[in-house]
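Hi everyone, thanks for making time. I'd like to walk you through one model today, so let's get it up on the screen.

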Amino acid sequence: MHNGKTSITQFIIEEQRHIDSATGDFTSLLNDVVTSCKVISNLVNQGELVGVLGSAGSENVQGEEQKKMDIITNDVFLETNQWAGHLAAMASEEMDDIYHIPKQYPRGKYLLTFDPLDGSSNMDVNVSVGTIFSILRCKGDCQNPTAEDFLQAGTEQVCAGYALYGPSTMMVLTTGNGVNGFTLDQNIGEFALTHPNMTIPEDTREFAINASNSRFWEKPVQRYVDECLAGSTGARGEDFNMRWVASMVAEVHRILTRGGIFMYPIDEKMKAKGTEGKLRLLYEGNPMAFVVEQAGGACSTGRERVMEINPKELHQRVPVVLGSKNEVERVVSYHKEMDADAVA
Ligand code: AHM
Ligand code: MG
């Protein structure tokens, strides 16, 4: 690319050259994912000029209101990634069941999961939104894949990443070899490597949580946040700052840039409804955990490493505590203490 910057295409090709068994399939698949995000970036940028804001008047499988853009961006992913022959199937937050590759196209050896427009409630108010994706190997019958083929622990991911549609559009991804960030040059339609080897500082003084749920939190989360709020007058002896964008992609990106901790924990309201969290394991928890861990951070439910969970169902939800390692470990230790007290 120009100005001495490496394009995302060159970066992916050069990274795959180091892998003897690579056939070019994965490189090509990742390029299609990148293309999907460019198309979505363009739609997000145009907003109401192309009439994409507002509700679609439908609900997804989790009973959440779907925005027009949830459906449009889901279709962009399906159309862009279905034809090339790299995928056995796809699954997304916006579809009840897995998506089978149409008969006229060949089927390949990978599975793609995605949340096409995370934080979509932010679309109408013109605040950052993102796309999250994860690539898995199809280990079963790739010609006749089922939902069970997607139920792999996060440690099995081949690649994960996100696109952030903010003041600039960025893609951040990992193939298990560190984390790299690319910025979209709108003039030439290509991502350039602008943030090589992103790392998360181990310590932080910034936390992100939706505090309107505080009366439902479990004790360990309550304790952690109380201590942050007490700042220099409390147990921590230091002041903390707080953020809540309500776009997980934007929160994770901030944490990758300057550290921090993000929490969407399980709470009493969720337990009463029989759900295990707000965020989805396959479309949000695992891909973000892979990125965050590869950048030197940590991602836990509070009680276990997110990437070690064996998924039981496609749309499984999970509590998420991620970011700077020492803070995540502190939250985990508070859970351990509380759970030990409960047994004693
Ligand atoms: P979505 O996938 O339906 O957009 O929901 C996930 C989003 C995350 O991006 C964000 O962290 C969270 O939901 C915000 O939740 P809340 O509205 O409770 O603040
Ligand atoms: Mg989401």
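Quick housekeeping before that. What you see is a predicted model, where local features need pLDDT of at least 70, side-chain atom pairs count only at pLDDT 80 or more, and totals for chains, interfaces and linings use all residues. Residues are numbered from 1 along each chain as its sequence is written, chains are lettered from A and ligands numbered from 1 in the order in which they are written, and side-chain values use heavy atoms, with hydrogens and water left out.

Okay, the metal. Which residues coordinate the magnesium ion (ligand 2)? They are D115 and D118, each through OD, and E284 through OE, at 1.8 to 2.1 Å. A donor here is an N, O or S atom within 2.8 Å of the metal (3.2 Å for Na, K and Ca), and water is not among the atoms, so sites may look incomplete. Along the sequence, the donor residues follow the spacing D-x2-D-x165-E.

For the cut-offs, buried is under 20% relative accessible area, exposed is over 50%, and partly exposed is in between, with a 1.4 Å probe and protein chains only.

Now find strand β3, residues 87–92. Strands are DSSP runs of E with at least two residues, helices are runs of H or I with at least four, and both are numbered from the N terminus. Six of the six residues in β3 are buried. On one side, β3 pairs with β5 (residues 110–118) in the parallel sense, over five bridges; pairing needs at least two bridges found by DSSP. There, M90 stands opposite L112. β3 also runs antiparallel to β4 (residues 99–100), joined by two bridges, and A89 faces H100 in that pair. With six residues between them, β3 and β4 make a hairpin.

Last topic: charges. Side chains of opposite charge can pair when their charged atoms come close. We call it a salt bridge when a side-chain nitrogen of Lys or Arg is within 4 Å of a carboxyl oxygen of Asp or Glu. How many salt bridges does the structure hold? There are 23.

One of them joins E64 and R317, with the closest N and O atoms 3.4 Å apart. That pair links distant parts of the chain: E64 is in the loop between β1 and β2, R317 is in strand β16, and they are 253 residues apart. E64 is partly exposed at 22%, while R317 is buried at 15%.

Next, E218 meets R303 at 3.1 Å, N to O. E218 sits in the loop between β11 and α4 and R303 in the loop between β15 and β16, so this pair ties together parts 85 residues apart in sequence. E218 is buried at 8%, and R303 is partly exposed at 40%.

R303 also forms a salt bridge with D339, where the closest N and O atoms are 2.6 Å apart. D339 lies in helix α8, so here the tied parts are 36 residues apart in sequence. And finally, salt bridges that share partners join E64, E93, R280, E284 and R317 into one network.
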